[in-house]
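Please open the structure in a viewer and keep the selection panel at hand. The stops below are given in the order in which they may be selected.

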Amino acid sequence: MDFYSYHIFYFPFKWEVPGEEKKLFSEQVDLEHIVISPCSMWERVQIDNERKVLSQTQEQEELFGERQYYFDFVHPVLYDIKGVDDPIIHHYERREPKDRVVEYCIETKQKTYILRLDALNVNLYATGVGIMSFYLANEREDQNDESSVRDINQFGRRIMPPHCGEFNTASRGLLAKSIRIVGLEGNDRYSDKFDYIKEQGNPLYRGFESVWEPASFIKHLIEDLSPTLRVVPVIDDRMLVNCWYGNDELSKKVKQVNYKGDVPFVDSDFWYKYVFVDNGEFVTCQSDKMRTELLDKSTYCRWQRIGTLFGISRYSLVALMDSDQWTKDVLAMHMRTIYSRMFELVIVQRASMLRFSGEVTKVSALKGKRTKEVSEKASSLYKEYIRFVNQIYFRTVTAQDQGIELYEMMLKQFDSDIQIKDLDEEISELHQYVTLKIDQRRSENGDFLNWVAAAFLPATILTGLFGMNPFDCSTLSIRGLGIQVPIIIIASIVVSFVLFRIQKKKRR
C-alpha cells in the first residue's frame with residue numbers, strides 16, 4: 001500500500017430498538033432484537049473457526065497477527081465469532097469498498113481533501129452501544145504536509161456543530177463546509193453540508209432543536225443497516241481518531257535530544273496539535289507548564305531513537321514515523337489492525353460505562369413505582385453489568401510489552417479505572433436500595449400477618465375456653481351462640497384498635 005497518512009475515524013453511539021424502552025435492560029440490549037435489512041449493502045462478517053482456510057491473503061495474514069497478539073479470552077469482544085452462544089458483538093462491513101473506489105471527501109474553506117475509503121464497518125455490542133469505523137488512506141501528494149494531515153483529522157471527524165456560531169458557512173472555523181462519501185450505492189444520500197440555517201425550499205433544514213444529532217450521512221448509513229434502529233452519539237460531538245503519519249523530516253527531529261536527554265520535539269506545537277487534534281495556528285493550551293504536563297502524559301517514547309513516537313489522548317491514537325516502505329507495510333499496518341482493535345476496545349468500554357450510568361439514572365427514577373418492577377429492572381441491569389466487567393472490561397489484553405504499555409496509557413487517558421469505580425458504586429447503591437425496599441416490604445407483610453393473627457387471638461382463646469361444642473348440631477344453643485359471637489367480635493375490635501394506637505405511636 002502506498003499512502004502518506006492513514007486515518008481511522010470512530011463514531012461511538014448508543015443504540016435502541018423502538019418500543020422496547022420499558023423492557024428489562026437485558027432485553028433492550030439483546031442483539032437478536034435488532035431487525036437487519038436483508039436488501040442493504042451491509043453484510044455480517046464472522047470468523048469461522050471450524051472452516052479451514054486454504055488460500056492466503058493479506059487480510060487473512062493481518063487477522064492472524066491480530067488474534068495471535070491478544071489473549072484468547074479477549075477475542076469474543078474483538079471479533080464476531082461464528083457459533084458463539086449469546087455473542088457480545090455483531091460485526092458488519094459495507095460491500096462497496098471491497099470491489100470499487102469509494103472516496104471520503106472533506107470540503108473546507110481552503111481546500112477539499114479526498115481520501116480513499118478502504119473499509120466501512122459497524123460493530124454492535126450487547127451493552128447497547130456500537131461503533132462505526134471509517135478506514136481512510138491519504139494517497140495524494142498535495143495532502144501530505146503537516147497542515148493537511150491535521151486538517152483531515154480535525155474537519156473529517158467533526159459530525160455536528162459545537163455551537164450555533166458554526167451554523168453559517170462563512171463564519172465556520174471548526175466544522176467542514178461539507179463531508180461526502182462518493183462511490184456508495186445511493187450516492188446522494190451520503191453527504192452533509194451541515195446547513196443549520198433555514199434556506200428556501202430546503203427539506204433538510206435543521207435548527208436549534210437538532211441537539212446531539214449526528215451528520216445525515218451517518219444516519220443514512222445506519223438506516224441502511226437497520227431502518228428502525230435509533231442511534232445517539234454517546235461520547236463526544238466528534239468522532240475519535242486513529243492516525244498514522246509518515247514524514248521523514250519530522251522523524252529526524254524526533255531523534256534529536258538536548259543536553260538533558262530530553263526530546264525537544266515532544267514539546268513542539270506540531271506534536272501538541274497532532275496528538276490533541278488541533279488545526280490552524282492556534283494551540284488550545286496556552287499554558288506552557290500545563291502543555292508540557294499534558295504531552296508528557298500523552299507521549300509514548302519507546303522507539304524515539306529511530307524517529308517514532310506514539311501519542312494517546314481521550315479522543316486520539318496517533319503515530320509519527322518515517323515514510324519508508326517497511327514502515328508503511330508493517331508499522332502502519334499495526335496501527336490500522338492491532339492497535340485499532342485495542343483502541344476500539346477502550347472506546348466500547350467507555351461508551352458502555354456511559355450507557356450503564358444512564359440506565360442507573362433511569363431505574364433510580366422509578367423509586368416511586370412498585371417494588372417488584374424496580375427490583376426486576378435493577379436485577380437485569382446488575383446482571384448485564386457483571387457480564388460487562390467479566391467479558392469486556394479487562395485489566396490486561398496481551399502479553400506483549402508494547403501492547404501492555406499502550407493499553408495502560410489508553411485506560412489512564414480515558415480515566416477508565418476511575419469511571420469503573422464510580423459506576424460500580426452507582427450500581428451497588430442502586431442494588432442496596434432495592435434490597436432495602438424488598439426487606440422493608442417483607443417486614444410490612446410480616447407486620448400485617450402478625451396484626452391479623454393478633455386480631456383473631458381473642459377468638460382463638462374463647463374457642464379454646466368454651467370448646468367447639470356450641471357448634472355441634474346436637475347441642476347447639478342459639479342463646480349461647482348469640483353471646484359468644486358478639487364477645488369474640490368486640491374483643492377482636494378492641495385488640496385491633498389497641499394495636500393500631502401502638503403502631504401509630506411507634507411511627508411518631
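Which residues line the largest cavity? Select Phe25, Ile88, Ala126, Thr127, Phe356, Glu384, Arg387, Phe388, Gln391 and Ile392 to display that lining. This is a predicted model, in which local features need pLDDT of at least 70 and side-chain atom pairs count only at pLDDT 80 or more, while totals for chains, interfaces and linings use all residues. Residues are numbered from 1 along each chain as its sequence is written, and side-chain values use heavy atoms, with hydrogens and water left out.

The largest cavity has a volume of about 70 Å³, and the structure holds five cavities of 30 Å³ or more. A cavity is a set of points, on a 1 Å grid over the protein atoms alone, where a 1.4 Å probe fits but cannot get out; lining residues have an atom within 4 Å of a point. The volume is the space filled by probe spheres set on the points, which are joined across faces, edges and corners. The lining of the largest cavity comprises six nonpolar, two polar and two charged residues.

Next, select helix α11, residues 371–391, which gives the most to this lining, with four residues. Helices here are DSSP runs of H or I with at least four residues, and strands are runs of E with at least two, numbered from the N terminus. The 21 residues of α11 reach 30 Å from first C-alpha to last, close to the 30 Å expected at 1.5 Å a residue; the expected span is 1.5 Å times one less than the number of residues.

The whole structure contains 28 aromatic pairs, that is, rings of Phe, Tyr and Trp (its six-membered ring) with centres within 6.5 Å; planes under 30 degrees apart count as stacked, over 60 as edge-to-face and the rest as tilted. Tyr245 and Phe270 form a tilted pair, because their ring centres lie 6.4 Å apart and their planes stand at 50 degrees. Tyr245 belongs to strand β10 and Phe270 to helix α7, so this pair ties together parts that are 25 residues apart in sequence. Tyr245 is buried at 0% relative accessibility, and Phe270 is buried at 8%.

Finally, select Lys328 and Tyr4: the charged end of Lys328 sits over the ring of Tyr4, 5.7 Å from its centre. The criterion is NZ of Lys or CZ of Arg within 6 Å of the ring centre and within 35 degrees of the ring normal. Arg336 likewise lies over the face of Tyr6, at 5.8 Å from the ring centre.

Conventions. Buried < 20%, exposed > 50% of the residue type's maximum accessible area, 1.4 Å probe, protein only. 1 Å grid on protein atoms, 1.4 Å probe; cavity = no way out; pocket = protein on both sides within 12 Å on 5 of 7 lines; lining within 4 Å. Nonpolar A, V, L, I, M, F, W, Y, C, P; charged D, E, K, R; others polar.
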